[in-house]
Amino acid sequence: PAPIAVTYRNAAAPAAEESRWQELVLAHLGVDDWVRIDGGEELDFLGPVAESARARHGVLYPPNGHFVARVSEPARGGTLILGIGGDELLGSWRWTRRADQLARRARPSLGGLGTLALGSAPAAVRARLLRNRRTEPEVPWLTPAASRRLREVAFDEELQPPRWDHYVLGVTGRRLLAMTIATLTTHAHDQGAELSLPLLAPRFRATLAAVGGRHGWADRSALTAAIAGGRLPEELTGRPTKAVFHEVYWGARSRRLAREWDGRSPAAELVDGERLRRAWLAPVPDYRSALLLQASITAPKSDKTAS
C-alpha cells in the first residue's frame, strides 16, 4: 500500500505554520490518505508528551525530540519516515563559500582568499589554524569553567572536511546527529513504530556524495531541487523561508515554571542560575537552554540522562 501522510499543525503557533506547504506537497503527489494532527500545548518542553517520555527515559537530547512520540502514534505497528538530516546535508557545511569559488559559481574575492588557503592546507595545519582563530560561542548562562569546556566541543564541530562528498559520507558520525538519531528512535519505539531516515541512509548519502563531488551544490534550494529530481513543484524546492518552532515548545507551562524556579541548578559549577532564567523568559528563548529547563525543573524518574 502507498504511504500514509501525517502532518502536525498548531494554530496557536503562527511562526510554525506549515499548512500551505503541507497541502502543496500532498496535492502535487496526489496523496489522499492523510492523517492531520492538530495540537495545542501538548508539545511544550514541559508538557504532557515530554513528561511522559521523560518518566521513562530521563532527560534526552534533543529537548524537542518528544515530537516523534506524538507523530509516531498513527504509525504503530509500522514505520515512521522523517526528513531528519536535511539541515545537516543542506545547510551545515562550513566550506560552501570556498566550494562556490572553486566551482566558479562565485567570483573570487579578497575576503575569500583566506578560506581558500585554509581549506587547501593539510589536515593537521588546518586544525592548528582553526584552533588559533576560533571564538568562544556566546552562551551567557555558562560559568567561566563551562565556557572553557565549550570551546573545545565547538572546535570539534569546526573540523569539517573541505570536500563536500567527504562531509556527506561522514555526517552521521557527528556527535549531535548521532545522539538525535538514537533519541528519536527511542521515542518511535515507545509508540510501537520503527523509524526510517532516508536522507541519512548510507546508500542515499553515497549516491549524493558521488553526484555532488568535491564542491556540492550552490545553495540549499539547488540541492533540494537536485534531490527532488523534478518530482516536487519549484515553488517548494525554491522556498526561501523556514518555519520556527519556539511557540510550539516554549508554551505557558514552560514559562510559568521558569518564573517559579528556585534557581538551583543540577550543575551549579557550570551554570549561572539567574542568567539561565533570563534566557528562558526571553521573548524568543534560546533553544540551547531547553535541555537545562527540563533537567532543572523536572526531576527525571530514571537514571538515564543526556550525556
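This is a predicted model: local features need pLDDT of at least 70, side-chain atom pairs count only at pLDDT 80 or more; totals for chains, interfaces and linings use all residues.
**Entry 1: aromatic pairs**

I began with the rings, and the structure turned out to hold six aromatic pairs. The pair I opened was Trp-164 with Trp-217, which is edge-to-face, with 5.4 Å from centre to centre and 80 degrees between the planes. I then looked up where the two partners sit. Trp-164 belongs to helix H9 (residues 164-170), while Trp-217 is in the loop between helix H11 (202-212) and helix H12 (220-228). The two are 53 residues apart, and the pair links distant parts of the chain.

Are the two partners buried or exposed? Trp-164 has 4% relative accessibility, so I noted it as buried, the cut-off being under 20%. Trp-217 comes out at 23% and therefore counts as partly exposed.

Next I turned to Trp-261 and Trp-280. Their ring centres are 4.8 Å apart and their planes meet at 55 degrees, so I logged this pair as tilted. Edge-to-face would need an angle over 60 degrees. Trp-261 lies in the loop between helix H15 (252-260) and helix H16 (273-280), and Trp-280 lies in helix H16, so the pair ties together parts 19 residues apart in sequence.

Trp-261 is buried, with a relative accessible area of 6%. Trp-280 is buried as well, at 0% relative accessibility.

**Entry 2: a cluster, and charges over rings**

I also found an aromatic cluster, formed by Phe-45, Tyr-249, Trp-250 and Tyr-287.

Which arginines sit over tryptophan rings? I noted Arg-36, which lies over the face of Trp-34 at 3.5 Å from the ring centre. I also noted Arg-94, whose charged end sits over the ring of Trp-95, 4.8 Å from the centre.

**Entry 3: the cavity**

How many cavities of 30 Å³ or more does a search of the whole structure find? It finds one. The volume of the largest cavity is about 100 Å³.

I went through its lining next. Among the lining residues are Ala-50, Ala-53 and Arg-54, along with Val-59, Leu-60, Pro-62 and Pro-63. His-66, His-187 and Gln-294 also line the cavity. Helix H2 (residues 48-57) gives the most to this lining, with three residues. By class, I wrote down six nonpolar, five polar and one charged residues for the lining of the largest cavity.

How values were computed:
Residues are numbered from 1 along each chain as its sequence is written. Side-chain values use heavy atoms; hydrogens and water are left out. Rings of Phe, Tyr and Trp (its six-membered ring) pair if their centres lie within 6.5 Å; planes under 30 degrees apart count as stacked, over 60 as edge-to-face and the rest as tilted. Helices (H or I, at least four residues) and strands (E, at least two) are DSSP runs, numbered from the N terminus. Buried means under 20% relative accessible area, exposed over 50%, partly exposed in between (1.4 Å probe, protein chains only). A charge sits over a ring if NZ of Lys or CZ of Arg is within 6 Å of the ring centre and within 35 degrees of the ring normal. On a 1 Å grid over the protein atoms alone, a cavity is a set of points where a 1.4 Å probe fits but cannot get out, and a pocket is an open set with protein on both sides within 12 Å along at least five of seven lines; lining residues have an atom within 4 Å of a point. Grid points are joined across faces, edges and corners, and a volume is the space filled by probe spheres set on the points. Ala, Val, Leu, Ile, Met, Phe, Trp, Tyr, Cys and Pro count as nonpolar, Asp, Glu, Lys and Arg as charged, and the others, Gly among them, as polar.
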